[in-house]
Amino acid sequence: MKNFLHFWLAFFIVLTGGMACTSQELQEESDYPSPRFPGFISPPETIEDILPFARSAVRQTGGRTPLGLVQAGKRVALFTGQRALVDPNPLVLEAIIQAFSERGVEALVIFPEPEGQQISIGSGFTSEMGFREVLFWLNRFADPEEPRNWLKERDSEVYDALFPEEIPERLSLPLDPQRLQYLQEDPRFVFWGGDVKSYLDQHGSDLDHVFAGLGGRTGMRLRLGPHGDKFLGNFIFDNYLEVMNKVPGYPGDIWRLTEERTLEPLAWTDLAEVKDPEGTDFSFEVSEPMARMWMEGSYQQGHLFMFPHQASGRRAYSIEEYPRQREAWNSPVIPEVDGILAGTRNHTGFYPRLEVHVEKGRVKEVKGGGIYGRFFRHFLEYPKLQDIQYPYYDKSGYWFLYESGMGTNPKFFSRPDELMSGRNTSERNVAGVIHWAFGVEVFGEPAGQEGTWERFTTEHNVPDGHWIHIHNLLPTYRTRIRGTETWLTLIEKGRLTALDHAEIRALAARYGDPEEVLRQEWVPDIPGITSPGDYQEYARDPWATQARVLEQIEQGTYPYLTQE
C-alpha cells in the first residue's frame, strides 16, 4: 500500500505541474491578482439574442443547474422565482424551452402565482446590511419568537436594527398585462400557488426530472420526499444576467474534472491549513478513517465540501453517477480546528471585519463585525445552546465550524443586481471562493431513525442547522500527505490550482486558448490586497468600497472592467 501511495503521489505531483512542496520549500509570497469584472451585456430584445446562451445552458452537465443531464425524450419541470416574471426574463425561459426542444426534451416552466398585477422582488434592503443574514438563522428555530425575545431583552439596539419599526418596501414592479396573458395561455408555462412538493404530488407522474431553488440542493431533495429522485439540481437560469454570460458555456467536462482533481488528495490528507489575506488562519488534523469519509462525502457539483464536518452527517453523492446518493449514511465528525476565521462578506452582503476564534473545533470568541458580530457574541451565550446534545453527535453544544462550501467555476462573478437587492450568493459559486459557516446539521438519517432530528429540534426549540457565514474570496488551502512532509496546494490566493494542471489545460485546448477558457472572470476589489488602498480602512466599512465599485460599473468607468 505504501509503495502504491508513493507512486500515486509522484504521479500527482507531475500531473499538477509541481504544485506540491515540502514544508521547507514553500513558495514565497507573491502579489494577489488585480481586480476583474466582466463587461455587462445589454438586456436582450429578442429570443434570438438569448438562444446561443440557452443552447449552452441546456447542454451544461456541471454545477448546481446541470440541465444537460436530461436525456432526449424526457419531460422536465423548471421551477422559477418571482424574478422570472420581470422583463426580459420570460424571454430567457422561452429560449431555454426552445433550446431543450432542439435536444428532444420537453420543458415546462412553473411560475409562482402572482398577486394581482404587481410582483415584489428583493428584500427592501441593499447588501450594505449584511448583518440581516442572521434573520435566516433565527428562522431555523421552530419558534423564532423565543430567541427574538431573548435578544430584545439582552440588546435592544441589535434587536431594533434587525426588526425596525419601519421596514422598507420591496421593489414592486408592474406586470405587463399582455405578457402575463400570453404566459397564462401558453401550455408550456404554469402558474402555481403552492410549493414544489405540492405540485409534484398532483402532477409529478407526468414528469421525469425537476430543477428548483437557488441553493440547498440536498435539503430540497429530502423535502420532495417520494419525488426526490427526480430532482437534478437548482434552477438559477431564470434571469438574463445568469444566462447571458460565460457560465453556461463553460465546458462541463473541464468543470467536473477540475472538481475530481481537487478532491483526490483528501483521502491521503493528515493535516490541512487554510489562510486568507483578510485574516483567516487555521489548521486541523485528519485521521485516516476521517480522511476516507471526507473524500467520499465531499462531492456536490459546484459546491465542494472542504471540511470533514460538512461532508459527514449525510449520504454521499456519487461522483460517477451524480446526483445519485450512496446508501450508506455517515455519522457527523467534528475535526479539532484551531485558529481564526475572518472576513467582511456573507450570503446577504457586507459587514465590518469579523474575526472568529476557534479552539478544538468550537467557537471560543468573536471579535468585531459590527451588528453581525454583536449578534453572534450574544448567541454564543444563548442558554439552550450551551450543553445541548444533538442527535448523532458525540460532542455536546452547537457552535462548531461546520460549512466549507467551495465554488468551482471560474466564470461566475458577484452580481450587482443581487447586491442592490440584499443578496450576495453568486460569488459563492466562483472557483476558489469558500463560504464558511457555524453550527451543526445532518441531511437524511440512518434507516429506521427518520424524523429524529426534526422532533429533537422542534421539542427543544433549537436551530435545525447551520448559518452565520464568512466568505473567503482569496484563500490559500494546503493539505499534507499522510506519512510525508509533502504538501499539496489546492487553492493558491483564490485560484484553484487544478485549473493550471497540465491535464486540465490539455482538455481546455479542445475548446480554444486554455488561457481564455480557464481565465478567472472576477477578482474582488479589496483595497490593500487586490487594489491600491488601506485594508484597515476598507475593513471598517467594506460597503463603501463596494458602493463605489457598483457605481463605476454602472457608469462604465470601473478601471478593472474586462474588455472583450
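**Core contacts, helix packing and salt bridges**

In the predicted model, Trp399 is in contact with Trp137, Gly361, Arg362, Val363, Phe376, Phe379, Leu380, Leu385, Phe438 and Ile468, leaving aside residues up to four places away in sequence. Trp399 belongs to the largest nonpolar core, which has 154 residues. Together with Phe438 and Tyr477, Trp399 is among the residues with the most contacts inside this core. Helix 3, residues 89–102, gives the most to the core, with eight residues. Another core, of 14 residues, lies apart from it and includes Ala77, Tyr199, Val210 and Ala212.

Helix packing was examined for one pair. Two packed helices are described by the angle between their axes and the distance between the axes. For helix 5 (residues 145–154) and helix 14 (residues 370–380), the angle is about 110° and the axes are 11 Å apart. Angles of 65 to 115 degrees count as roughly perpendicular, and helix 5 is therefore roughly perpendicular to helix 14. On the side of helix 5, the contact is made by Pro147, Trp150, Leu151 and Arg154. These residues meet Phe375, His378 and Phe379 of helix 14. By type, the residues of this contact divide into five nonpolar, one polar and one charged. Phe379, a member of the helix 14 side, is also one of the residues that Trp399 touches.

Charged side chains were considered next. The structure holds 41 salt bridges. One of them joins Lys246 and Glu516, with the closest N and O atoms 2.8 Å apart. Lys246 lies in the loop between helix 10 (240–243) and helix 11 (252–263), and Glu516 lies in helix 18 (residues 514–517), so the pair ties together parts that are 270 residues apart in sequence. Lys246 counts as partly exposed, at 28% relative accessibility, and Glu516 also counts as partly exposed, at 31%.

In a second pair, Arg221 forms a salt bridge with Asp229, and the closest N and O atoms are 3.1 Å apart. Arg221 is buried, with a relative accessible area of 11%, whereas Asp229 is exposed, with a relative accessible area of 65%.

Arg415 is buried, with a relative accessible area of 2%, while Asp417 counts as partly exposed at 29% relative accessibility. Both residues take part in a network of salt bridges that also links Arg83, Asp238, Glu242, Glu418 and Arg423.

Key: Residues numbered from 1 in each chain as written. Predicted model: local features only at pLDDT ≥ 70, side-chain atom pairs only at ≥ 80, totals over all residues. Heavy atoms only, no water. Axes fitted to C-alpha atoms, helices over the stretch in contact; angles between N-to-C directions. Helix = DSSP H or I, 4+ residues; strand = E, 2+ residues; numbered from the N terminus. Parallel < 35°, antiparallel > 145°, perpendicular 65-115°, else oblique. Contact = heavy atoms within 4.5 Å. Nonpolar A, V, L, I, M, F, W, Y, C, P; charged D, E, K, R; others polar. Core = buried A, V, L, I, M, F, W, Y, C linked by side-chain atoms within 4.5 Å. Buried < 20%, exposed > 50% of the residue type's maximum accessible area, 1.4 Å probe, protein only. Salt bridge = Lys/Arg side-chain N within 4 Å of Asp/Glu carboxyl O.
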